[in-house]
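Here is a short report on aromatic rings and the side chains around them. Look at the structure first.

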Amino acid sequence: MALFLFACLLLTGGGLDDSFITYRYAKHLASGHGLAWNVGEPPVEGYTSFLWVILNAIAIALGGSPLVASKLLASGAACAIILLTLGGAHPVLERPWRAALATLVALCTPLAYYTQTGMETVFFTALAFAGTGLALREFAGNPRPRWLMASSALFGLAAITRPEGVLLFGLIAASGLSLRRSPQEGGLSRRGLLLFVAPFLAIWLTYFLWRLQHYGWLFPNTYYAKHSGNRLLNLPLGIYYLALAWAPYLAVPFALGALAWVATPTREEDPSIRRTQQLALRLGGACLVYLLYIMWVGGDDRSAFPSVRLVLPVLPLLWMATVMLVAGASRHWTKLSPRACAVGVVTLIAMAWAEDGLQLLKGTLPTGDESQQGLLRTKLAQLTDEPHGVLPAWILEHTLPTDVIAVPWAGRVPYATGRPTLDMLGLNDTHIAHLPSPQRGIDVKMDPEYVLARRPKLIFVNVNHCYVRQECSFAQAGGWKIGDRQLLELLRQSPDYDWVKDAPTEISVFRRRELRAQ
């Protein structure tokens with residue numbers, strides 16, 4: 001755990017831009033304005049994690065920084081995974097294998113990295129791991145009511161942290177219900193099934209009915225903005241995303257589990273070992289279905305979210321399935337001790353992700369003036385820092401509190417300025433989110449005419465201003481979205497907007513002209 005927390009410190013920084021979307025909602029909630037993107041406008045569900053908004057609103061109401069609170073909560077959640085693995089809150093019984101599972105968590109660089117981004121990823125991972133571990137432990141023996149209910153409640157919290165929690169609960173529940181038992185044991189009783197389902201439904205269904213009444217849509221607005229209406233255009237992106245994650249993070253666990261399954265005698269005499277193997281196979285299958293879901297929605301934007309953010313929640317579960325299978329097979333390898341097998345499994349899996357982990361560490365090393373202050377001093381300062389750069393201050397200087405700004409990134413700038421904001425990618429705008437996707441990619445939905453009709457004071461287009469000055473091509477300026485090109489052409493022709501030459505950013509900025517006095 002000390003090693004893991006030290007890695008968290010090395011990987012700390014100013015947080016990812018999307019985390020500040022959550023903080024803007026949390027700030028408005030803590031200030032008494034409700035779950036609002038823009039105060040006084042109709043509600044829109046532009047956040048993905050309801051529970052994360054609530055927790056950060058509490059931190060803000062207490063006078064704390066939501067970024068610091070998020071880092072501490074996520075780091076504590078990751079440490080809880082380590083404690084749960086060592087404490088046996090899962091079907092893995094032998095101490096060497098529990099230590100192996102905890103070591104894999106402690107060495108996982110992406111897990112440490114995402115504790116410091118300000119996002120809910122690691123918190124969701126911990127809830128999913130705890131709920132799954134308790135459920136499988138009970139399914140492997142004689143289910144005890146209180147632990148079934150605890151597992152179900154954890155899944156309920158996971159489901160209001162990220163929507164994928166509902167999918168994961170269904171997969172784990174199906175794994176337990178389909179488990180073959182001896183005639184003497186029978187299946188899971190109706191009472192046991194009710195105890196496992198009731199707390200989850202009490203938490204998630206209450207939340208779902210409230211958000212359906214409040215927002216009027218089955219899914220969060222972020223889902224419609226990113227994934228709906230793409231007519232499977234993004235399926236190749238999902239395949240590519242999963243392929244990039246396969247070699248460092250998925251291939252070795254799946255291969256070790258498959259080899260262990262093949263090496264285990266088909267007629268295992270011990271019914272508990274046989275049942276553990278069945279559970280491990282079902283858990284591996286649940287992880288595979290989850291990965292196929294990630295592929296179907298088009299994966300993730302790795303430029304905005306490094307490494308394997310979407311895959312991260314199932315990695316500890318995949319390691320659990322692998323350890324369960326290898327531990328069962330190792331009983332028949334009389335020349336190898338369980339400790340030696342456990343060390344070998346940890347070494348093989350950790351070596352596979354070493355290169356990606358080193359890249360994450362390299363990307364967070366201090367540069368320039370920061371490097372002269374020393375690594376630890378710089379990182380300790382970054383741990384509690386909430387940097388926003390010079391752009392929010394420039395916007396505050398050139399706008400009034402009631403002026404609307406239109407941005408292509410809805411995180412740090414809207415949070416720091418507090419200005420009414422039009423999210424041009426639709427994460428926080430219902431109209432744009434429900435448009436069809438004009439091209440392959442994530443965050444490609446735009447409506448330039450709608451943006452101009454809203455008459456924002458400032459418009460930021462995520463294309464280098466050399467294109468506006470006609471000194472480079474659209475592609476050379478970093479542009480690739482159809483909506484960006486259309487918006488720039490409309491702004492060039494518009495009599496209402498001028499290009500801003502003195503903005504402290506390399507992207508294109510336009511300001512609405514002031515009306516002259518009659």
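## Ring cluster

Tyr25, Trp37, Tyr47, Phe50, Tyr207, Trp210 and Tyr215 are linked into a cluster by ring pairs. Rings of Phe, Tyr and Trp (its six-membered ring) pair if their centres lie within 6.5 Å; planes under 30 degrees apart are stacked, over 60 edge-to-face, the rest tilted.

This is a predicted model: local features need pLDDT of at least 70, side-chain atom pairs count only at pLDDT 80 or more, and totals for chains, interfaces and linings use all residues. Residues are numbered from 1 along each chain as its sequence is written, and side-chain values use heavy atoms, with hydrogens and water left out.

## Two pairs

The structure holds 28 aromatic pairs. One of them joins tyrosine 113 and tyrosine 114, edge-to-face, at 5.0 Å centre to centre and 85 degrees between the planes.

Tyrosine 249 and tryptophan 353 are stacked, because their ring centres are 6.1 Å apart and their planes at 15 degrees. Tyrosine 249 lies in helix α12 (residues 235-263) and tryptophan 353 in the loop between α15 (338-352) and α16 (354-363), so the pair ties together parts 104 residues apart in sequence. Helices (H or I, at least four residues) are DSSP runs, numbered from the N terminus. Both tyrosine 249 and tryptophan 353 are buried.

## Charges over rings

Arginine 24 lies over the face of tryptophan 37, 4.4 Å from the ring centre. Arginine 137 has its charged end over the ring of tryptophan 147, 4.9 Å from the centre. The criterion: NZ of Lys or CZ of Arg within 6 Å of the ring centre and within 35 degrees of the ring normal.

Terms used. Helix = DSSP H or I, 4+ residues; strand = E, 2+ residues; numbered from the N terminus. Buried < 20%, exposed > 50% of the residue type's maximum accessible area, 1.4 Å probe, protein only.
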